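User: Could we go through the ligand site together? I'd like to start with the contacts and then look at the pocket.

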Amino acid sequence: MSSVHPVQVIAVTGGKGGVGKTSVSINLSVALANMGRRVALMDADLGLANIDVLLGLNARKNLENVLSGECSLRDILLTGPGGIRIIPASSGTQRMAQLGALEHAGLINAFSELGEQIDVLIIDTAAGISDSVVSFVRAAQEVLVVVCDEPSSMTDAYALIKLLNRDYGMFRFRMLANMTRTPQEGQALFNKLTQAAERFLDVTLQYVGAIPFDENMRKAIQRQKSIVEMAPRSKAAMAFVQLAEKVDKWPLPSSPRGHLEFFVERLVQPESAD
Ligand SMILES: Nc1ncnc2c1ncn2[C@@H]1O[C@H](COP(=O)(O)OP(=O)(O)O)[C@@H](O)[C@H]1O
Ligand SMILES: [Mg+2]
């Protein structure tokens, strides 16, 4: 039942809504797929802007239907741009934390099978610091915190990092700046966040880079496409390609922690801090 190779699990988070978590999740997924990586993208946000809708796809079922035994994980997967596999999770995300033993085992099996078919799993989390967000972030190996140059984005990102550090012992985070207006802005945001975090918390932040503000992002959404497909030469699309190249060089998790069934195990056992 164990998958043969580790899968990189990356949670895209940030505390605040509207900072670009979903945009980053989609475009990073497509850019990685264009590099030949097999990518699954999990929509773990209950909000209105579901990934399937943003990409002009129509999810009729989601993880909730898998949890209730109506269908298998394979049945709910959608195929998006670049061949990325999309897992519509929506209402299933809240139930994840309250599964019975059988459901639990079923889900682990399902993800273990998926793990054989993918190299990377990207999880788009909801805004805020609900239990569901925390459980996805804790279960992932890499946490990508998206921030933009707004006071509330910085304070929300800090609050999220603080909670994950103090209550769950997480100490390693990566920060991506989004919607930057100048080349210096991303690094400046990082310096601000890392100063506060390293002073008051026991954490290490790593700067991943910046995605510039780009009007094409809005246009891409209107056309229900990723910017990486719609305007590959745009500033933002090129920044996403650079981001994907960096992500691709992140160290792979050492097994067995890196196997997808263990990701699900961590996910459905919210009490067991590790
Ligand atoms: N780099 C960017 N440049 C311009 N607009 C952006 C950029 N990133 C995101 N946006 C826009 O910001 C809005 C919020 O993005 P979204 O990805 O839905 O945020 P979140 O998932 O964090 O709530 C969307 O309208 C999106 O098109
Ligand atoms: Mg979102």
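This is a predicted model: local features need pLDDT of at least 70, side-chain atom pairs count only at pLDDT 80 or more; totals for chains, interfaces and linings use all residues.

User: OK, and how much of the accessible area of ligand 1 does the protein cover?

Analyst: On its own, ligand 1 has 560 Å² of accessible area, and the protein covers 79% of that.

User: Which backbone atoms lie close to an oxygen or nitrogen atom of ligand 1?

Analyst: A backbone N or O atom of Gly18 is 2.7 Å from an oxygen atom of the ligand, while for Asp214 a backbone N or O atom is 3.0 Å from a nitrogen atom of ligand 1.

User: How many residues surround ligand 1, and what classes are they?

Analyst: There are 15 residues around ligand 1, with Gly18, Lys21, Thr22, Ser23 and Asn178 the closest; by class, the shell has 7 nonpolar, 6 polar and 2 charged residues.

User: Which element gives the largest share of that shell?

Analyst: That is H1, with 3 residues, and at least two residues each come from helix H1 (21-34), strand E7 (172-180), strand E8 (204-212) and helix H10 (216-222).

User: Switching to pockets, which one does ligand 1 take up?

Analyst: Ligand 1 takes up the space of the largest pocket, which holds about 420 Å³. The lining of this pocket has 22 residues, and those closest to its centre are Gly18, Val19, Gly20, Ser23 and Met179.

User: And how does that lining divide by class?

Analyst: The lining of the largest pocket divides into 11 nonpolar, 6 polar and 5 charged residues.

Technical notes
Residues are numbered from 1 along each chain as its sequence is written. Chains are lettered from A and ligands numbered from 1 in the order in which they are written. Side-chain values use heavy atoms; hydrogens and water are left out. A residue is near a molecule or strand if one of its heavy atoms lies within 4 Å of it. A polar contact is a pair of N or O atoms within 3.5 Å; within protein, one must be able to donate a hydrogen and the other to accept it, and residues adjacent in sequence count only if both atoms are side-chain atoms. Accessible areas come from the Shrake-Rupley method with a 1.4 Å probe; for residues, only the protein chains shown count as cover. On a 1 Å grid over the protein atoms alone, a cavity is a set of points where a 1.4 Å probe fits but cannot get out, and a pocket is an open set with protein on both sides within 12 Å along at least five of seven lines; lining residues have an atom within 4 Å of a point. A molecule sits in a cavity or pocket if more than half of its atoms lie within 2 Å of its grid points. Helices (H or I, at least four residues) and strands (E, at least two) are DSSP runs, numbered from the N terminus. Ala, Val, Leu, Ile, Met, Phe, Trp, Tyr, Cys and Pro count as nonpolar, Asp, Glu, Lys and Arg as charged, and the others, Gly among them, as polar. Grid points are joined across faces, edges and corners, and a volume is the space filled by probe spheres set on the points.
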